[in-house]
Amino acid sequence: MTYNWIDHDLLILEKANWCRTVRQIPSEFVNFGSNDYLGLAEDDRLKNAAIEAIEKYGTGTTGSRLLSGHRDLHDELEAKIARLKQTEDALVFSSGYLANLGTIPALVGKRDLILADQYNHSCLVNGCRLSGATIKEFHHLDWQDLEFLLEKYRSVFQRCLIVTNSVFSMTGDVAPLKEIVALSSCYGAMVMVDEAHATGVFGKNGSGVVEMAEIDQPIIQVGTLSKAIGSLGGFVAGTAKLIKYLRSRASTWIYTTALSPADTAAAIKGIELISSAPELREKLWQNIRRLANLLHREKQNELGSSPIFPIGMPDIPSTLALAERFWQNSIYAPAIRPPTVPSPRIRISLTAKHSPDQIDRAWEILKTIRSDSTGVE
Ligand SMILES: *Cc1c(COP(=O)(O)O)cnc(C)c1O
């Protein structure tokens, strides 16, 4: 009896088409659902770095960084991240999710205010909730709404933290960082920006949107090692004092086992390649321009485009049907639906490894729905 509610809830999920399942994508499929933007996750150089690290250090780190888990590899990785991000220091977490979950509650608490973009990633949302601060959401990308909220609420609270993705996972658009940071200075607010989808992708050196937008103030940058960097783990980058503080205050860093030698070494190599092989980034952007042209989005400027292309659909059944049509053609293009997003869509993400021909094949299938449905963007 005690657990019967699970049956009941599962039935509701299934009726609403909200029930999720996993499936492995066959290796011969073209994958348009990957965050491996530069194709580094299967790169021999990363694999070899991971294998060498396992041979030298073993598979596990045996403890947290503050106890038995710290290795010189972690120092090396943190120095590499700080260099890429042009910050004084950096701190590596076991995932991007944990980086956000630990950092936000370390920065703000009950007497403080958080202003958050309404489409922020789940781990930012949960990090904000965990902090106990008062949370006000501003309209997606809308810095004027942010200004309105700052004007209205800032003075009532002690600290204030503005939290935003730089590139949004489900819409692919880019936050107006320049305006957000300018506002933060006027109102005495901290800024935390999640560059999970931007690191390795944006900016001349592949540092992210912070680099591209030429932000020259010491804001708080978070990110993941699992997308363009091709490994696993997360990080915070910022001033030496911020990082020193987080080492004593971020519970998801203090009370968890240090990142494995293999993941750490692969991430080091991934960041090296982001710096030394800009042609991977070039290739990715060629692919982005190709699909944008096909979708007639060529009018979007650099700030408005990213590797992520949401294809808006009228309802869940048609979204699932389109995903299935892709699947029948040996293409993986995931259906994303509520509650992950407010409205259903097919989400195409591009990597440097896609060929022009593969992008054209996806377009051939997308074309078929553009004529027979209305909700397509
Ligand atoms: C993927 C993602 C994360 C989570 O990173 P993991 O390392 O996979 O836990 C955090 N923030 C954003 C914006 C993301 O897209």
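In this predicted model, a polar side-chain atom of Lys227 lies 2.6 Å from an oxygen atom of the ligand. Two further polar contacts (pairs of N or O atoms within 3.5 Å) are listed with it below.

| Residue | Ligand atom | Distance |
|---|---|---|
| Lys227 | oxygen | 2.6 Å |
| Thr224 | oxygen | 2.6 Å |
| Asp194 | nitrogen | 2.6 Å |

Taken alone, the ligand exposes 380 Å², of which the protein buries 86%; accessible areas come from the Shrake-Rupley method with a 1.4 Å probe. The ligand is surrounded by 14 residues, each with a heavy atom within 4 Å of the ligand. Gly96, Asp194, His197, Thr224 and Lys227 are the closest. By class, this shell holds 3 nonpolar, 9 polar and 2 charged residues; Asp, Glu, Lys and Arg count as charged, and Gly is among the polar ones.

The largest nonpolar core has 86 residues, and Phe326 and Ile348 touch the most other members. Such a core joins buried nonpolar residues through side-chain atoms within 4.5 Å, where buried means under 20% relative accessible area (1.4 Å probe, protein chains only). Helix α12 (residues 261–276) supplies the largest share of this core, 8 residues; helices are DSSP runs (H or I) of at least four residues. Another core of 24 residues lies apart from the largest one and includes Leu124, Ile220, Val222 and Leu246.

Residues are numbered from 1 along each chain as its sequence is written, and side-chain values use heavy atoms, without hydrogens or water. Local features need pLDDT of at least 70 and side-chain atom pairs count only at pLDDT 80 or more, while totals for chains, interfaces and linings use all residues.

Definitions and conventions
Polar contact = N/O pair within 3.5 Å; in protein donor to acceptor, adjacent residues only side chain to side chain. Buried < 20%, exposed > 50% of the residue type's maximum accessible area, 1.4 Å probe, protein only. Helix = DSSP H or I, 4+ residues; strand = E, 2+ residues; numbered from the N terminus.
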